[in-house]
Each structure stands twice: as C-alpha cells, then as structure tokens.
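Please examine the sequence and the coordinates below before reading on. The paragraphs after them are meant to be read with the structure in view.

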Amino acid sequence: MPGLEEVLDTFDRGLLWMEVADRIPKPPQAARLTGLSARNFIRPKVFDGLAGMIHLRLAAAGQATPDIAWSGQPGLALPAVWEKGMDDALDAAIADTPDTAPLRTLLAGTQSVSA
C-alpha cells in the first residue's frame, strides 16, 4: 500500500483522476458516470481517504489526540494549524487540477514517520 508521499506524488503527476479515483469501488449506478460527473461523485471519497491518511500520520507523530467529545461524535483533536488549514489543503489536493503544495507545507511541520 502506498504511503502518503507516494499518493501525493501520484496526484502531482496528474494521475489522481486516471489512476487513483478509478480504483475506488463505486456502486453499479456510479460506475457508468464519466468526466466531471464521475469526479464529483468520487471526490468526497478521495477527500475522506486522504484525510484519514493525514489523521494516521498526525496520530503516529503524537500531534493528534483522541477527542472523547461527550456531547458529540468522538474524533481527533488536531493541532491548530491543521484545524485551520487542513480542509482547504485537501480541497486543493483533490481539485480537477491537483495542487499538493498547501498540504505538503502543512506536512513539513510534522515529524517524519512512515505511513
């Protein structure tokens, strides 16, 4: 399984929509979608998968902690810089023309661990 950097490198090579997204399982009705319709259907799944990889990286680096959230849904408490910039960085990385620079900038502030 590729690590986070390999996934971002794939996005940078312009293969997000041709290689990565096409490998994500889709329900039969969505398998017929092409072009922008297919991208818009799969984009939230790519966002969630990439966010999950980031969460694992931050947890392994000790930079994310469990958030019990007694009044809501449990999750992870992320560093302030991630809380502020993660969604925009992920949106840029999964755009029709991916830009991984904002995400890589955020990642530069984390300890390097293998994912």
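This is a predicted model: local features need pLDDT of at least 70, side-chain atom pairs count only at pLDDT 80 or more; totals for chains, interfaces and linings use all residues.

Residues are numbered from 1 along each chain as its sequence is written, and side-chain values use heavy atoms, with hydrogens and water left out.

The protein chain has six helices and two strands; here helices (H or I, at least four residues) and strands (E, at least two) are DSSP runs, numbered from the N terminus. From the N terminus on, the order of these elements is α-α-α-α-β-β-α-α. The C-alpha atoms of the chain fill a box of roughly 40 × 35 × 25 Å along the principal axes. Of the 115 residues in the chain, 31% are buried, where buried means under 20% relative accessible area, exposed over 50%, and partly exposed in between, with a 1.4 Å probe and protein chains only. A contact requires heavy atoms within 4.5 Å. Among contacts between residues at least 6 apart in sequence, 59% join residues at least 24 apart.

The largest nonpolar core has 26 residues, and Phe11, Leu50, Ile54, Trp82 and Leu103 touch the most other members. Such a core is a set of buried Ala, Val, Leu, Ile, Met, Phe, Trp, Tyr and Cys residues joined through side-chain atoms within 4.5 Å. Two or more residues of this core come from each of helix 1, helix 2, helix 4, helix 5 and helix 6. Helix 4 gives the most, with eight residues. In soluble globular proteins, nonpolar side chains tend to be buried together.

With helix 6, helix 5 packs at an angle of about 145 degrees, the axes being 7 Å apart. Axes are lines fitted to C-alpha atoms, for helices over the stretch in contact, and angles run from 0 to 180 degrees between N-to-C directions. The crossing is left-handed, a label used if the near helix is turned anticlockwise from the far one by less than a right angle, with right-handed used if clockwise. Leaving aside neighbours within four places in sequence, Leu103 is in contact with Leu8, Leu50, Ile54, Trp82, Ala89, Leu90 and Ala93.

A second pairing joins helix 1 and helix 4, whose axes come within 10 Å and cross at roughly 145 degrees. Helix 1 also passes helix 4 in a left-handed crossing. Leu4, Glu5, Val7, Leu8 and Phe11 of helix 1 make this contact with Val46, Leu50, Met53, Ile54 and Arg57 of helix 4.

Helix 2 (residues 16-20) holds Leu16. Why is Leu16 classed as buried? Leu16 has a relative accessible area of 0% and is therefore buried. Beyond four places in sequence, Leu16 is in contact with Thr10, Phe11, Ala21, Val46, Ala93, Ile94, Ala95 and Pro98. Thr10, in helix 1, is buried with a relative accessible area of 16%. Trp17, likewise found in helix 2, counts as buried at 10% relative accessibility. Not counting residues up to four places away in sequence, Trp17 touches Asp22, Arg39, Ile42, Arg43, Ile94, Ala95 and Asp96.

Finally, Ala61 lies in the loop between helix 4 and strand 1 (65-67). Ala61 is buried, with a relative accessible area of 11%. The C-alpha atoms of Ala61 and Thr110 are separated by 6.9 Å, although these residues are 49 apart along the chain.
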